[in-house]
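Have a look first, then read on.

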Amino acid sequence: MINFLIKASAEDAVRAAELLLNPASLLFMEETAKTLAETFRAGNKLLIAGNGGSLSDATHFAEELTGFFRKARPALPAIALSEPAHLTCVGNDAGFDQIFSRGIEALGRPGDLFIGLTTSGNSKNLIQAFEAAKKRKLKTIAFLGKTGGALKGVADLEWIVEGFTFSDRIQEAHMAAIHIIIEATESLLFPHIDSEENSAASIMSMIS
């Protein structure tokens with residue numbers, strides 16, 4: 001019985017990964033990478049949000065940009081809306097639905113980019129976050145799942161991972177796409193950086 005479960009789950013995981021090869025998925029990753037590169041070139045920043053596992057994906061996304069991914073390059077400005085004191089303060093005083101929209105109000109500026117991760121598309125705090133982002137003239141991108149939910153058609157760019165009942169497979173596809181997008185963004189921003197040049201001196205020369 002356990003062998004059957006593991007095999008079925010492995011096949012499901014492979015099916016989720018194969019969605020990355022769909023023409024719509026490839027176009028979404030290309031357009032997202034271009035949007036990220038344009039945002040950073042203009043001196044603007046990325047804000048990211050999600051709940052639960054999607055919040056973990058949001059923090060992973062941000063640290064790959066502020067830290068390092070594959071190449072030695074300048075740090076890129078990305079913030080996951082995950083600071084515990086902020087989340088609990090707003091959740092306690094104003095309600096959980098406002099935890100991300102309040103963060104966007106505090107940090108978002110015209111020209112910035114907001115990315116929301118939600119496997120259902122129905123998370124009220126993400127719906128309010130997209131509303132706040134549009135009100136403040138941020139560009140918006142949605143990583144969605146299932147049918148896309150209430151957020152289908154709301155963002156400037158969206159990707160819906162369809163065909164899965166549970167969030168885990170959707171999040172696996174989201175995370176794989178995020179890694180590909182970061183790699184593509186680095187290629188657009190820093191086409192001449194050799195991936196093997198990881199010295200502090202090379203980083204500092206790029207920043208200065």
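Here are some questions and answers about this predicted model.

Q: Why does the radius of gyration of the protein agree with that of a compact globule?
A: Start with the chain length: for 208 residues, the globule rule puts the radius near 17 Å. The protein comes out at 18 Å, so the two agree. If you'd like the box as well, the C-alpha atoms fill roughly 55 × 45 × 30 Å along the principal axes.

Q: What makes a residue count as buried, and what share of the protein does?
A: The cut-off is under 20% relative accessible area. Of the 208 residues, 44% count as buried.

Q: Which elements supply at least two residues each to the lining of the largest pocket?
A: Those are α2 (23–41) and β5 (157–161). The lining includes Leu 19, Phe 28, Trp 159 and Glu 162, and the space inside is about 210 Å³.

Q: What makes seven residues of that lining nonpolar?
A: Residues such as Ala, Leu, Ile, Val, Phe and Trp count as nonpolar. Check the lining for them: Ala 24, Leu 27, Phe 28 and Ile 160 are among its residues.

Q: How many charged residues line the second largest pocket, and what makes them charged?
A: Asp, Glu, Lys and Arg count as charged. The lining holds Arg 102, Glu 105, Lys 135 and Arg 136, among others, so the class count gives four charged residues, beside one nonpolar and two polar.

Terms used: Residues are numbered from 1 along each chain as its sequence is written. This is a predicted model: local features need pLDDT of at least 70, side-chain atom pairs count only at pLDDT 80 or more; totals for chains, interfaces and linings use all residues. Side-chain values use heavy atoms; hydrogens and water are left out. On a 1 Å grid over the protein atoms alone, a cavity is a set of points where a 1.4 Å probe fits but cannot get out, and a pocket is an open set with protein on both sides within 12 Å along at least five of seven lines; lining residues have an atom within 4 Å of a point. Grid points are joined across faces, edges and corners, and a volume is the space filled by probe spheres set on the points. Helices (H or I, at least four residues) and strands (E, at least two) are DSSP runs, numbered from the N terminus. The radius of gyration is taken over C-alpha atoms; the globule rule is 2.2 Å times the number of residues to the power 0.38. Buried means under 20% relative accessible area, exposed over 50%, partly exposed in between (1.4 Å probe, protein chains only).
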